[in-house]
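Work through the exercises below with the coordinates open. Each task is followed by a stepwise solution.

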Amino acid sequence: MTSIDNDPLFTSLCNEKTLQSQKEGFFSEFYQSVAENFTGRGAHWLTEVYQKVPTDAERLRLIYDDPVVAYEVQGTLEHVEPVFRAKDAKFSWQRREQALKLLGENKLQQALIMACQAVMRAPGQGVDRYIDKGLTLALALWTRAEVFIRMLDGKRALQDLQLASKCGLPVKQNADYYGRVAKCYALSGENGRAEVAAKLFHQLSGHNDYALTRLREDMEDLRVLKQETPSVEVERTIPKLAGEGESTEIAGASSKIKLAGGKEDPRGRYVVAAADLGPGEVILTEQAYAACLYPKYFGTHCNACFCRLVAPVACPDCCGVAFCSIACRDKACATYHRFECQYLDLMIGSGMSILCHVALRMVTQAGTPQQVIAEGQMLRDTFCAHTAHRDPEDHFKRTLMTAFLLRCLQKAEFFGRRTTEAPEPTEQELKVGAVLLAALQSLQFNAHEVYETRITGEHRFDTAKVQYIGVGIYRGASMFNHECYPGVTRSFLGTSMILHTSRPIPAGAVVPENYGPHFLRQPKPTRQRNLRSRYWFKCDCRACTEDWPQMDKLPARPRLRCTTADCGNALAYPAKPSQRTVKCGKCKKPINLEASVKMLEASDQLCTAGAEMMASHQLEDERVDEAIELLKKGITLFAQVAVPPHKTAHVAEESLRSCFADRGNANRY
């Protein structure tokens, strides 16, 4: 890969997309109001003043001090105030009443939606005593627990009951509370605890034997229904790394890969195989350094771990985000969310891109300015920013965005209580701002979109579609260089990235990832244009130099490898059986391709059988395992005797990708 001059217009559009996702956001107006000052009387200010300042920190300081722009910058930043969705006890009460009505009509799914809304919008205990005597949240949780019991989900019902107790629900003399707890334990198969709770119910109900009998009948009915109802939830776990252990160079990586290259190498640092790799090997399982959901998924996925929400837990102060558990909520509220909470809607309204949010998250999750500054150099060393090549106007926009985000941090007291309301940063704030500005540049080249597999029909693979739900930054994964024909397939479990090899890679060879433009889906001119403008390099991988065709035009017959050891030549597939002995143009030896042809046929059969197994209408996990093994064998056999491109082999590699994606984030409707 070599750096090249970019298409200026398309590059500008790509750069802008990584900074602003919404044209209508107020940041565009902010920039235009500032830009009027240096496009008029200060026409050369960007190139003659701003661009000549040597460091990010000094450029950030400049926009607060230079008279050409400072008045407009500071005047706007002074108006930054909290904008967020607050709690509403009346709204919560209304949703709770709707949930109870739907529950009475046995419309459980609709009742759950209403109950979840009631929980999310309810203020904490005692905040609004005019409604529910300050117990709106506890009563919303109490109602949702009943919905979960009716849905035979004892675990979530019990969690809601326990949380309701912590939120002020009276339980000491509450027979109904222990009656519901008994049902939860019965549904969870914990019969001993169910009996203890039933006895407490009996005691608190005044030893009402009839009520106890009814409760035990209800518990037995729930047990029977639970046994008759198949579980649809699948537990997913991070797979084990291939090889003898973890790499000492790359966190979360297998010892079967290592780093190569360096500052003097035009390719930078990149990953190579430390040992022979076969298809389907796990070479990386990395938790995101920082990750953010797209705003459209704030109500459907956990803001911390990205898992699909069933029983959302709210932030105590805002209704803007949701969490899957108390643990995720408490972790978020103790770190990043306490600084983002009251300014999240303002930031979204600015039109900033999700990459800006990830940059901010890299700061807020650190917890303190000192920790941000300490990690700043590591981040700069890990993630390339290409600052020297960035257009001055684009860099200025990112500096202006940094000033806005820094102002949000000031107002949220990330730096503690300030002695002034003026937006000019202190030296410490300026250092944090420099880390932010570096991230706003480097994330354009290093961020990964996190996805889940959405399955909308009965068939597991035919109806599966990739749905991007957020963006993460991964230190280890950022070391992989791009090729349009990747050697790995990427999947996610929560915010953790998992890389499996998709084809054999010999020791010493580059282990390439794909940044988006894949040769199967995009023609060479489109790939080259996208890579030049978004990532600022020209790709010279095999698929580009040989201009491989897309999927619908792939050859049915590939070239075959010369059987002479260390020759490495590729020979045309023989047109007729009688032409299977040919002379190699490189090693000049006569080569009999009979065995190679038969091995290729066997490879095609294995790959086809694996793909057909995936097409089975009712495909269970065990059959997916079988499909994976067939595909791996077929791909391995192909690599031994032939060279790409070859349609059957690439279909098998894509099928393998689908199988691994199915084991990650998956959403089945």
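**Exercise 1.** How many disulfides does the structure hold?

Solution. The model is predicted.
Step 1. Take C484: the closest cysteine sulfur, in C544, lies 3.6 Å away.
Step 2. Apply the cut-off: a disulfide needs two cysteine sulfur atoms within 2.5 Å, so C484 and C544 are too far apart for a bond.
Step 3. Take C607, which is likewise in no disulfide; its nearest cysteine sulfur belongs to C659, 12 Å away.
Step 4. The count for the structure is 0 disulfides.

**Exercise 2.** Describe the aromatic pairs that join helix α2 to helix α18 through F26 and F38.

Solution. 
Step 1. The structure has 20 aromatic pairs.
Step 2. F26 and F404 pair edge-to-face, with 5.7 Å between centres and 85° between planes.
Step 3. F26 sits in helix α2 (residues 26-39) and F404 in helix α18 (residues 392-411), 378 residues apart.
Step 4. F26 is partly exposed at 31%, whereas F404 is buried at 3%.
Step 5. F38 and F396 are also edge-to-face, at 5.1 Å and 85°. This pair links helix α2 to helix α18 across 358 residues.
Step 6. F38 is buried at 2% and F396 at 0%.
Step 7. Ring pairs place F38 and F396 in a cluster with Y31, W45 and Y50.

**Exercise 3.** Which arginines lie over the faces of W142 and Y485?

Solution. 
Step 1. Over W142 lies R180, 3.8 Å from the ring centre.
Step 2. Over Y485 lies R503, 4.2 Å from the ring centre.

Conventions: Residues numbered from 1 in each chain as written. Predicted model: local features only at pLDDT ≥ 70, side-chain atom pairs only at ≥ 80, totals over all residues. Heavy atoms only, no water. Phe/Tyr/Trp six-rings, centres within 6.5 Å; stacked < 30°, edge-to-face > 60°. Helix = DSSP H or I, 4+ residues; strand = E, 2+ residues; numbered from the N terminus. Buried < 20%, exposed > 50% of the residue type's maximum accessible area, 1.4 Å probe, protein only. Lys NZ or Arg CZ within 6 Å of the ring centre and 35° of its normal.
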